[in-house]
Amino acid sequence: MTPTISRALIGAGSLCFLFASSPVGAIELITNGDFETGTFAGWTVTDLPGGSGSWFIDDADGLTPFAGLPTVGPAGGLFYAVTDQGGPGTHVLEQFFIVPAPAASVILSFDMFVNDSDSGPIVNPAGLDHNAGGNQHARVDILSPFAPPFDTGAGVLANYYLGVDPQIGNPNPYTSYSFDITGLVGGGGLFKIRFAEVDNQLFLNQGVDNVSIDFTRVPEPASIGLALLAAVALTWLRRRAA
């Protein structure tokens, strides 16, 4: 084998390796999903008027910040988001996110517990409204960008949690959730992720941490074409060198 062909084989092989091993482009679409800013930066909190309590940023002291109920604290780091109250209320935590197009995959993940001091869940058809009779549950949704904070109708594109964790487990540990939402949002656009709860029986604490929406792009056609070209060149050079 001549030195020229050897160098060409090495160069073509390196090019193929480059295209095969280069990242496709994973992007985090959520801001401050671990709440480690110690604030709700990137998030919007909305409480139904006339209720008690809200969403709070809590630390690792083992107690909720309003009523002082036991909790497991953050899933990691120093802070997490949790609802707390002294009476009936309805509380929403949401964030807009933009999905570029096209997407190879979009994965939603989060850690969450729902401590219910009542014997729930009670899912009233009225939805997120503590004024509508017995109503005690938490939910997680992907919403259209124009959906009002308390919408449980047409604005809900998909629901990923509806209920409470077992009362016998209070304070419950975190459960780690992961959902492939590519089919829902992979075409691109503006959406909202929402964590919400309604309570009018006894205390309900919804704790959330490590919220992530991980976007992976489709490889660009130009990159695919160059990789194929490099593979063809490598095959040709190997045959010539044989």
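## Burial of K192

A residue counts as buried when its relative accessible area is under 20%. In this predicted model, K192 has a relative accessibility of 4% and is therefore buried. The residue sits in strand β10, which covers residues 189-199.

The surroundings of K192 are drawn from separate stretches of the sequence. Apart from neighbours within four places in sequence, K192 is in contact with E94, Q95, F96 and F97, with D141, I142, L143, S144 and P145, and with A147 and P148. One polar atom of the K192 side chain lies 2.7 Å from the backbone oxygen of A147.

## The K192 and E94 salt bridge

How many salt bridges does the structure hold? There are three. One of them joins K192 to E94, with the closest N and O atoms 3.1 Å apart. This pair links distant parts of the chain, since K192 belongs to strand β10 and E94 to strand β5 (residues 89-99), 98 residues apart.

Is E94 buried or exposed? E94 has a relative accessible area of 7%, so this residue is buried. K192, at 4%, is buried as well.

The side chains of R139 and D141 form a salt bridge with an N to O distance of 2.7 Å. R139 has a relative accessibility of 9% and so counts as buried. For D141 the relative accessible area is 0%, which means that this residue is buried too.

D141 also meets R194 in a salt bridge, at 2.8 Å from N to O. Here again the pair links distant parts of the chain: D141 is in strand β7 and R194 in strand β10, 53 residues apart. Both D141 and R194 are buried. Through shared partners, the salt bridges join R139, D141 and R194 into one network.

Strand β7 spans residues 136-143, and eight of its eight residues are buried. In a regular strand, side chains alternate between the two faces of the sheet. Both faces of β7 are covered.

Which strands pair with β7? One is β10, which pairs with β7 in the antiparallel sense over eight bridges. Within β10, D199 is the bridge partner of Q136. Another is strand β8 (residues 156-163), also antiparallel to β7, over six bridges. In β8, V156 stands opposite L143.

## A nonpolar patch that includes L190

F96, I98 and L190 make a nonpolar surface patch of about 300 Å². L190 is found in strand β10. Its relative accessible area is 39%, so L190 is partly exposed. Residues need over 30% relative accessible area to be part of a patch, and L190, at 39%, has that much. K192, also in β10, is buried at 4%.

Q201 lies in the loop between β10 and β11 (204-217). With a relative accessibility of 37%, Q201 counts as partly exposed. The side chain of Q201 makes a polar contact of 2.7 Å with the side chain of N200.

What does Q201 touch, not counting residues up to four places away in sequence? The residues are D118, I122, G134, N135 and Q136. Q201 and G89 are 112 residues apart in sequence, while their C-alpha atoms are 9.9 Å apart in space.

## The loop between β3 and β4

A67 lies in the loop between β3 (54-58) and β4 (80-84). This residue is partly exposed, because its relative accessibility is 32%. Not counting residues up to four places away in sequence, A67 touches D84, Q85 and F203.

A67 and G87 are 20 residues apart along the chain, and their C-alpha atoms are separated by 9.9 Å.

Notes. Residues are numbered from 1 along each chain as its sequence is written. This is a predicted model: local features need pLDDT of at least 70, side-chain atom pairs count only at pLDDT 80 or more; totals for chains, interfaces and linings use all residues. Side-chain values use heavy atoms; hydrogens and water are left out. Patches are made of residues with over 30% relative accessible area and no salt bridge: like charges are joined within 9 Å, nonpolar side chains (Val, Leu, Ile, Met, Phe, Trp, Tyr) within 5 Å. Accessible areas come from the Shrake-Rupley method with a 1.4 Å probe; for residues, only the protein chains shown count as cover. A salt bridge is a side-chain nitrogen of Lys or Arg within 4 Å of a carboxyl oxygen of Asp or Glu. Helices (H or I, at least four residues) and strands (E, at least two) are DSSP runs, numbered from the N terminus. Buried means under 20% relative accessible area, exposed over 50%, partly exposed in between (1.4 Å probe, protein chains only). Two strands pair if DSSP finds at least two bridges between them. Contact means heavy atoms within 4.5 Å. A polar contact is a pair of N or O atoms within 3.5 Å; within protein, one must be able to donate a hydrogen and the other to accept it, and residues adjacent in sequence count only if both atoms are side-chain atoms.
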